Amino acid sequence: MYSPPPPYQPDVPNRFPGERRDPALVLVFSLLTCGFYYIYWLYKVSEETQRYLQEPDTAPSVEVLLCFATCGLYILYWDYKIARKIMRMQQSVGLPPVDNTILYLVLNLLGLGIVNALIEQGHLNEVWHRSAQAQAYGAGGGYGAGGYGR
């Protein structure tokens, strides 16, 4: 007997959404603290994306140190890496993936790298929101493998 396929369920079981932050406040706090908040933000985003994707990567503290050791050049690679991770995260919650890798490179080269943080945080907020919604409505929680009802 034919049964229709189950409705789309985001791939979010056992995923822990990160903290939603207002992108404008990321900018304000970064400016008010002469960049110290930006460093904290970079650390937290590295930690949250690794935890969400359940993929061990470079330790967030090492990424911060690499930013200093390379006089900021590592941030070019970090923005690229985070853009790719955000795309995978968007796909995992059913959002259309947005590839901002070139935009981030251009903004960094123009000296506007802080704008990348605002865009990245905006995309992360969407992922965190969608992930929290899916978990609240039972995707993966108590439904068995794949998040579908039995």
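How many disulfides does a search of the whole structure find? The search finds zero disulfides, a disulfide being a pair of cysteine sulfur atoms within 2.5 Å.

The model is predicted, so that local features need pLDDT of at least 70 and side-chain atom pairs count only at pLDDT 80 or more, whereas totals for chains, interfaces and linings use all residues. Residues are numbered from 1 along each chain as its sequence is written, and side-chain values use heavy atoms, with hydrogens and water left out.

**Figure 1. Overview of the protein chain, with six helices and zero strands.** Helices (H or I, at least four residues) and strands (E, at least two) are DSSP runs, numbered from the N terminus. The pattern along the sequence is α-α-α-α-α-α. Of the 150 residues in the protein chain, 39% are buried; buried means under 20% relative accessible area, exposed over 50% and partly exposed in between (1.4 Å probe, protein chains only). Among contacts in the protein chain with a separation of 6 or more, 67% come from residues 24 or more positions apart, contact meaning heavy atoms within 4.5 Å.

Figure 2. On the H2 side, the contact is made by Ile-39, Leu-42, Tyr-43, Ser-46, Glu-47 and Gln-50. H3 contributes Pro-60, Ser-61, Glu-63, Val-64, Cys-67 and Phe-68. By class, this contact of H2 with H3 has seven nonpolar, three polar and two charged residues. Ala, Val, Leu, Ile, Met, Phe, Trp, Tyr, Cys and Pro count as nonpolar, Asp, Glu, Lys and Arg as charged, and the others, Gly among them, as polar.

Figure 3. Phi of Gln-54 is near 55°, a positive value in a residue other than glycine. Most residues other than glycine have a negative phi. Gln-54 has a relative accessible area of 48% and is therefore partly exposed.

**Figure 4. Cys-71 in the loop between H3 and helix H4 (74–92).** Cys-71 also has a positive phi, near 55°. With a relative accessible area of 75%, Cys-71 is exposed.

**Figure 5. Cys-34, an exposed residue.** The relative accessible area of Cys-34 is 72%.
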